[in-house]
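Morning, everyone. Please look at the model on the screen while I talk.

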Amino acid sequence: MNKFALGLMSGTSADGLTLALLNVKAKKLVCFKNYAYPKNLQQTILQAPSFNTAQIAELNFKLGKIYLALTQKFLKDFKINKNNISVIGLHGQTVYHNAEKFCTLQIGEGAFLAKILGIPVVNNFRPAVISLGGQGAPLVPIFEDYFFAGKTPKILLNIGGIANCSYVQKGKTFGFDCGPGNVLSDFAISKLTKEKQSFDKDGKIAAKNKADIKKAKEIAKKFLYKKIISLDRNAFTKTFFEKYFPHLTQKDLATLNYLTALIIAQNIKKFILKKYNAENLYISGGGVYNKTLLNNLKNLLPLNIKILNTLNPMAKEAACFAYLAYLNFNKMPVNKILIGTQKNTILGALNLP
Ligand SMILES: Nc1ncnc2c1ncn2[C@@H]1O[C@H](COP(=O)(O)OP(=O)(O)O)[C@@H](O)[C@H]1O
Ligand SMILES: [Mg+2]
């Protein structure tokens with residue numbers, strides 16, 4: 001019996017690939033695992049936005065093969081019979097996203113999984129949304145509305161490279177990118193340690209110093225968004241640092257951490273709390289490990305802030321793409337409210353084995 005859908009997610013942090021096996025009908029996460037990428041692969045992916053066509057094509061195939069190898073490893077690690085998987089949802093690696101130019105690119109060739117593993121693969125989820133007037137990101141509200149919506153409204157916040165949040169209530173769920181996530185801190189640490197370290201473990205470096213709150217407030221004003229948007233990681237890397245932190249030192253980690261929380265908090269207030277009532281906010285993504293960031297968010301938002309507990313907080317995005325693949329495979333359209341399009345539509349491209 002083909003009961004399961006498998007989701008593969010690698011976010012803008014390029015720290016690894018997360019696989020999640022979902023029993024869609026039972027609303028149950030069967031198992032999941034994050035496989036960390038080697039440092040040099042992470043660095044290659046993070047540099048991809050400035051690659052030429054040949055380099056992009058090579059990375060596209062390299063990632064396709066990596067996705068196949070890690071999926072085979074996952075099936076072995078959890079003793080999963082591949083005949084139990086009806087479809088794979090492959091997000092792919094975003095190397096460019098510019099909603100203002102109506103353009104997005106996820107790479108990582110799906111043919112290896114489809115042809116060699118012999119399981120249908122759905123990928124290219126975002127272009128359909130953009131072709132119908134939407135931003136193409138975030139897509140996770142579709143999954144959140146199905147998996148988390150209940151009687152009481154709640155706010156879900158995912159802190160990956162970029163942060164996105166959703167107001168979740170059946171029929172009213174919507175989401176948007178609300179600011180930088182781990183990207184500011186990751187980029188700074190990487191720069192300061194000459195790429196020896198890629199993140200501020202547990203937020204310890206940020207906790208060592210006092211944030212320059214005045215400076216953070218000044219910068220945050222530029223990131224109070226006018227309308228609901230989606231963001232590219234590259235808005236918070238080289239050019240951002242040249243402009244706002246040209247003489248970066250370890251002490252700035254405290255300010256960058258506070259600034260991240262401030263941008264997220266101000267956009268949640270503007271786009272959600274001004275119009276809707278909610279008491280609880282549940283955080284997922286790698287940001288849950290950054291204790292300083294969680295403390296800053298707690299101080300800046302009038303909400304009960306908790307770590308997501310109804311699903312492993314590291315599995316949400318991968319589980320989302322398992323669900324999206326299931327929808328495509330069963331020709332089930334997505335409601336336009338959830339993705340900001342002109343009409344309901346089926347998302348993704350189906351690659352048959
Ligand atoms: N122990 C930790 N302490 C602080 N931050 C962490 C820790 N583990 C992971 N992270 C952060 O989480 C990020 C990865 O989160 P993830 O949700 O996978 O993001 P993405 O979807 O962008 O890949 C890392 O780049 C790092 O910033
Ligand atoms: Mg990741």
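A word on ground rules. This is a predicted model, where local features need pLDDT of at least 70, side-chain atom pairs count only at pLDDT 80 or more, and totals for chains, interfaces and linings use all residues. Residues are numbered from 1 along each chain as its sequence is written, chains are lettered from A and ligands numbered from 1 in the order in which they are written, and side-chain values use heavy atoms, without hydrogens and water.

Back to ligand 1. It has 16 residues around it, each with a heavy atom within 4 Å. Ser-13, Gly-161, Asp-186, Asp-202 and Gly-286 come nearest.

Which atoms of Asp-186 and Gly-286 lie by the ligand's oxygen atoms? For Asp-186, a polar side-chain atom, 2.6 Å from an oxygen of ligand 1. For Gly-286, a polar backbone atom, at 2.8 Å from a ligand oxygen. Taken alone, ligand 1 exposes 580 Å², and the protein buries 87% of that. Areas use the Shrake-Rupley method with a 1.4 Å probe.

Now helix α2, residues 53–77. Helices here are DSSP runs of H or I, at least four residues, numbered from the N terminus. Why does its length make sense? At 1.5 Å a residue, its 25 residues should span 36 Å, and the end C-alpha atoms are 36 Å apart, so the two agree. The expected span is 1.5 Å times one less than the number of residues. After α2 comes Lys-79, with a positive phi near 50°.

Notes. Helices (H or I, at least four residues) and strands (E, at least two) are DSSP runs, numbered from the N terminus. A polar contact is a pair of N or O atoms within 3.5 Å; within protein, one must be able to donate a hydrogen and the other to accept it, and residues adjacent in sequence count only if both atoms are side-chain atoms.
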